[in-house]
Amino acid sequence: MAKYPLIKSTLKDRLLGGHYQEGLPLPSEPQLAREFEVSRMTARRAIDELEREGYVYRVQGAGTFPTGKRFRQGMFRVRPFKEWARHPDHRTGVLHAMQIQATPEIAIVLQVQLGDPVIFIHRLRTAGDEALVIEKRYINAALVGDLLSQNLGVESIHEVMVAMGVPLTRVEQALEAVNLRQEESDLLRVPVGSAAFLLRRTTYSGTKRVSYVNYWVRGDRYAFQDSFEP
């Protein structure tokens, strides 16, 4: 089983916990490779993903540096899919909908075994001629039966799962600012490196994780807001 998800998770915990001092470089890739007993390429992959998510940045010839601790604060709500789909100008295109085998990272997130069946759904939301939101969703295939036979371009996946007898009891989500890679920028038709929101959401049924989804949301077209009692 690949070790880079564990390295990435460990380094992220250290970064969030202030383990690495701002202004000083993280351990080098060879040092991380020795610490975790992996190849330098595996250590580099973990650093690459942390850089893409905005936790670190590289300086040529100087090393990899923390971007600064990310503080966790507040709550925010996201409009349900059915509200989005109700608008006559809104469309959701299904780019991929298939069963795949769980990769090391997805196996960890969904708490399944490496290679277990997982439903992968890749959708793109548009408003008029503008592409606004990319969705990549992974679902424990053992729990959702014939999900792939549903009309996923117009139906709420959560509502379909509930109708299949999978009660959804809790959602964990996190929102981060990121810069878009080539794949996402091509789909959203914006320059590489454009600012965007990355919303990560894990949905539970009881104690089981049933769904994990990443949303890339154009930063120049969306704002998140909420109200609450102080």
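Biologist: Which residues line the second largest pocket?

Modeller: The lining consists of Leu26, Pro27, Ser28, Glu29, Pro30, Arg40, Ile47, Arg58, Val59, Gln60, Gly63 and Thr64. A pocket here is an open set of points on a 1 Å grid over the protein atoms alone, where a 1.4 Å probe fits and protein lies on both sides within 12 Å along at least five of seven lines; lining residues have an atom within 4 Å of a point. Please note that this is a predicted model, in which local features need pLDDT of at least 70 and side-chain atom pairs pLDDT 80 or more, while totals for chains, interfaces and linings use all residues. Residues are numbered from 1 along each chain as its sequence is written, and side-chain values use heavy atoms, without hydrogens and water.

Biologist: How much space lies in that pocket?

Modeller: The second largest pocket holds about 190 Å³. That volume is the space filled by probe spheres set on the points, which are joined across faces, edges and corners.

Biologist: Which elements give two or more residues to its lining?

Modeller: They are α2, α3, β1 (56-59) and β2 (63-66). Helices (H or I, at least four residues) and strands (E, at least two) are DSSP runs, numbered from the N terminus.

Biologist: And how do the lining residues divide into nonpolar, polar and charged?

Modeller: Five are nonpolar, four polar and three charged. Pro counts as nonpolar and Gly as polar in this scheme, while Asp, Glu, Lys and Arg are the charged residues.

Biologist: Changing topic: how many helices and strands are there in the protein?

Modeller: The protein has seven helices and eight strands. Of its 230 residues, 41% count as buried, where buried means under 20% relative accessible area, exposed over 50% and partly exposed in between (1.4 Å probe, protein chains only).

Biologist: Which residues have the most contacts inside the largest nonpolar core?

Modeller: Leu11, Leu15 and Leu50 do, in a core of 17 residues. A nonpolar core is a set of buried Ala, Val, Leu, Ile, Met, Phe, Trp, Tyr and Cys residues joined through side-chain atoms within 4.5 Å. The elements that give two or more residues to this core are α1 (4-16), α2 (29-36) and α3 (40-52). The largest share, five residues, comes from α1.

Biologist: What is Leu11 in contact with, leaving aside its neighbours within four places in sequence?

Modeller: Leu11 meets Tyr20, Leu32, Ile47 and Leu50. Contact means heavy atoms within 4.5 Å. There is also a second, separate core of twelve residues, which includes Ile119, Ile121, Val160 and Val210.

Biologist: Is Leu147 buried or exposed?

Modeller: Leu147 counts as buried, because its relative accessibility is 0%. Its place is the loop between β5 (130-140) and α6 (157-163). Not counting residues up to four places away in sequence, Leu147 touches Ile119, Ile121, Ile139, Leu152, Val160 and Met164. The C-alpha atoms of Leu147 and Met164 are 8.6 Å apart, although 17 residues separate them along the chain.

Biologist: Where does Met98 lie?

Modeller: Met98 belongs to strand β3 (residues 90-101). At 32% relative accessibility, Met98 counts as partly exposed. Among the residues that Met98 touches, not counting those up to four places away in sequence, are Val118, Ile119 and Leu148.

Biologist: Now the backbone. What is the phi of Glu37?

Modeller: Glu37 has a positive phi of about 60°, although it is not a glycine. Glu37 is in the loop between α2 and α3, and it is exposed, with a relative accessible area of 66%.

Biologist: What about the phi of Arg189?

Modeller: Phi of Arg189 is near 60°, again a positive value in a residue other than glycine. Arg189 lies in the loop between α7 (182-188) and β7 (195-205) and counts as exposed at 54% relative accessibility.

Biologist: Where is Gly193?

Modeller: Gly193 is in the loop between α7 and β7. Gly193 is partly exposed, with a relative accessible area of 33%. Leaving aside neighbours within four places in sequence, Gly193 is in contact with Asn179 and Leu180.
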